[in-house]
Protein chains: 2
Amino acid sequence: MNSVDLEFIRHISVSSPTKIILLVIDGLGGLPNPETGKTELETANTPNLDKLAANGICGLIDPIGPGITPGSGPGHLALFGYNPVRFNIGRGVVEALGIDFDLQPEDVAARGNFCTVDKAGLVTDRRAGRIPTDECTRLCQLLNGLVIDKVRPLLSPVREHRFVVVFRGEGLVPAVSDSDPQQIGVAPKPITALIPEAGRMASIANQLINKAKTILAEHHPANMLLLRGFSQRPQLPTMNEVYKLKPAVIASYPMYRGLAKLVGMEVLETGTSIEDELATLKQNYANYDFFFLHIKGTDSAGEDGDFKRKVSIIEQVDSALSSLTSLEPDVIVVTGDHSTPALLKSHSWHPVPILLHSKWCRPDRVKEFSESACVSGGLGRFHATQIMPLAMANALKLTKFGA
Amino acid sequence: MNSVDLEFIRHISVSSPTKIILLVIDGLGGLPNPETGKTELETANTPNLDKLAANGICGLIDPIGPGITPGSGPGHLALFGYNPVRFNIGRGVVEALGIDFDLQPEDVAARGNFCTVDKAGLVTDRRAGRIPTDECTRLCQLLNGLVIDKVRPLLSPVREHRFVVVFRGEGLVPAVSDSDPQQIGVAPKPITALIPEAGRMASIANQLINKAKTILAEHHPANMLLLRGFSQRPQLPTMNEVYKLKPAVIASYPMYRGLAKLVGMEVLETGTSIEDELATLKQNYANYDFFFLHIKGTDSAGEDGDFKRKVSIIEQVDSALSSLTSLEPDVIVVTGDHSTPALLKSHSWHPVPILLHSKWCRPDRVKEFSESACVSGGLGRFHATQIMPLAMANALKLTKFGA
């Protein structure tokens, strides 16, 4: 399947009253349990998803390409129709989005670790013994308030030893190297400019690190810090510009709200459960024509290697589904941003099952929503960036190309 | 299915102890025998390949694109993950690799034919009556030793009327036209520079042709020569650079060893039979983490239109397979570089069946290795350049892309 790009879609998309719901079950795809030969999705009892699949059209998506394991950022950008190789989101930005930090366009964000160094300055523990989050918060406060060459480094705790530093000031260029050596027994690396324009950024980051070394000296095991993934918020065309949609995100985890904000989605406040998210959908249904609903638990269970819990969360989603289908949206898409097989305990490269349900979808012969069944689906195996054009078409929001 | 490029893979590939075996059964794909409705692969009794397919995941590859028939060079480059349209290998270079000629980076190689011309200088037989190889060898020796404008043309016999000429000297640019008119009743064409920088190359080639015409005058039917496909060895990133692999080739035919050398594989000496190649694999198994095994007989049988012999060679491969599987490599890929249906007596554009076997491959419902069954495989139909990313992922040699 060849693909078309955002600029192409922008020229043929039209606004209309029809509504699209994109339900993302994070890390949906799995691998078969060796005892049963069935994946998490195939093990789960999912009468409602199966019904949608039977009346809809199914397939398998590659978020980036065959063999490539996506992070959450690239996985979601692809679902929103943005080429994740072209629009790369840096580590620092992803971390800032993950704590709901309100990144400004000129801010440069970096991922930070508090770490332990010995008397010779060599790293002995890249995670400072995973200090408690409270301690991380206290150390961030200790380091905040500095101004270096008119730039303010703003440190915010994430969890345990992890934090984000956002450099706020004018004219910063994020093309600098990491200080994190990614190994122990060596000194943190000086940060260097990867292009001449980034010299000031490198200098400011190195000054911060030197000051931090002094301030943290008495706070063993967190007596030093490591920075990596310097990056700025990417400039993405909004979903309104590209698709003429009025889009909203319903997600209980900050990172996914942050990713959605990058493409111009409005954030709807919601609770932590699947039912909370569906209640939010119902309350706001009249006000938007595109909803991105994000379910986190499946990915977390997969990462924990908890096959049973992943099955159970898929079943919870299935049970709650009627409050979504009863709204009778014109297009429902159910898929994941990548696979997270419990057997691998991590994101993986395996293609992700997808179902698309609409009045105009030309149903195939797939009768259940599963990895195996989706292999024979009418959508075939395709690139995730093509989901949005398909959803838009099924919502009759794309005009004819050419005379 | 979208693809990612070598540069992308280079950034996420990591070295690890896992092992990958790529078994290429040359010209594997076929067409159904009109009497039985079964292809060569479907006719062959292949219990071991079928077992690998049943426990693995299958699909169909397009080496270049739908409808495009690949030569051996492009077909193999695609299998190694190199876009064969971007990295084109000239005819002269392929011919030189085919006789194990040790091409240097600055050498320009051309494919040569001894041919017959009449008294008016018009070509009457482009192959000089297919003179015996011995005669070709003698004529090459006759023409060797010339030095033209500080360049030495080195002629080496290939088979019958075919030879290779390698121009060795400094500053040669291969962008010149062919002298071979590809028809009879016309004169050989003067060689012309296609870009200004190639003027010297064209002049030297024309001087060689003029001298050869005099020297060969008394050697009817081989009283003239035709040259085509002037080319230099392409500069390819090595598989070690791209994939961090330590790769080796086991192939009884020189051309395939030559193609593998272009991407940095180490050549392992082997014999002429399938069993020889598998013995070589076993002896060297500990020393490499990627093996390209090449089986030539299927392609030759297909080119000869010998359906039965192609079936028989596939069965020989199947019988010998246990000495490969008993090594328990982490990833086994079995496919071909293109189809060579006995009915067509030539390479063809038909997609080639592929199976991938690994602990992490998410098996599909395909139970036998055949063209028909692979249509429903979980890998779908995809571009051959994506095999390497898939194999690398299944060997857990690719890290996550993006945070």
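Mentor: A polar contact is a pair of N or O atoms within 3.5 Å; within protein, one atom must be able to donate a hydrogen and the other to accept it. Keep that in mind, and also that this is a predicted model.

Trainee: How many residue pairs are in polar contact between chain A and chain B?

Mentor: Ten, counting pairs with both residues at pLDDT 80 or more. Salt bridges between the two chains number zero. That count needs a side-chain nitrogen of Lys or Arg within 4 Å of a carboxyl oxygen of Asp or Glu.

Trainee: What makes up the side of chain A that touches chain B?

Mentor: Its residues divide into 18 nonpolar, 15 polar and five charged.

Trainee: How many residues of each chain are in contact, and what area is buried between chain A and chain B?

Mentor: In contact are 38 residues of chain A and 26 residues of chain B. The buried area is about 2500 Å², with 64% of it from carbon and sulfur atoms. On the chain A side, Pro66(A), Trp349(A) and Arg381(A) lose the most area, together 24% of what that side buries.

Trainee: Why is Thr340(A) called buried?

Mentor: Buried means under 20% relative accessible area. Thr340(A) has 0%, so the word applies. Thr340(A) sits in the loop between strand S11 (331–335) and strand S12 (352–358) of chain A. Among its contacts beyond four places in sequence are Gly27(A), Asp299(A), Lys310(A) and His347(A).

Trainee: Which residues does Pro32(A) contact beyond four places in sequence?

Mentor: They are Gly37(A), Lys38(A), Thr39(A), Leu343(A), Arg362(B) and Pro363(B). Pro32(A) lies in the loop between strand S1 (20–25) and helix H2 (40–43) of chain A. Pro32(A) and Ala342(A) are 310 residues apart in sequence, yet 9.3 Å apart in space, C-alpha to C-alpha.

Trainee: Which residues of helix H6 (residues 133–143) of chain B are buried?

Mentor: Glu135(B), Cys136(B), Leu139(B), Cys140(B) and Leu143(B).

Trainee: How do you know that the buried residues of H6(B) line one face of the helix?

Mentor: Viewed down the axis of H6(B), they fall within an arc of 140 degrees, so they line one face. The face turned away from that side carries the exposed residues Asp134(B) and Gln141(B).

Trainee: What covers the buried residues of H6(B)?

Mentor: The cover includes strand S3 (108–117), strand S5 (152–159), strand S6 (162–168), helix H7 (199–216) and strand S7 (224–231) of chain B. Just after H6(B), Gly145(B) has a positive phi of about 100 degrees.

Terms used
Residues are numbered from 1 along each chain as its sequence is written. Chains are lettered from A and ligands numbered from 1 in the order in which they are written. This is a predicted model: local features need pLDDT of at least 70, side-chain atom pairs count only at pLDDT 80 or more; totals for chains, interfaces and linings use all residues. Side-chain values use heavy atoms; hydrogens and water are left out. Buried means under 20% relative accessible area, exposed over 50%, partly exposed in between (1.4 Å probe, protein chains only). Helices (H or I, at least four residues) and strands (E, at least two) are DSSP runs, numbered from the N terminus. The arc is that of the directions from the helix axis to the C-beta atoms. Contact means heavy atoms within 4.5 Å. Buried area is the accessible area (1.4 Å probe) that two parts lose on being put together, summed over both. A polar contact is a pair of N or O atoms within 3.5 Å; within protein, one must be able to donate a hydrogen and the other to accept it, and residues adjacent in sequence count only if both atoms are side-chain atoms. Ala, Val, Leu, Ile, Met, Phe, Trp, Tyr, Cys and Pro count as nonpolar, Asp, Glu, Lys and Arg as charged, and the others, Gly among them, as polar.
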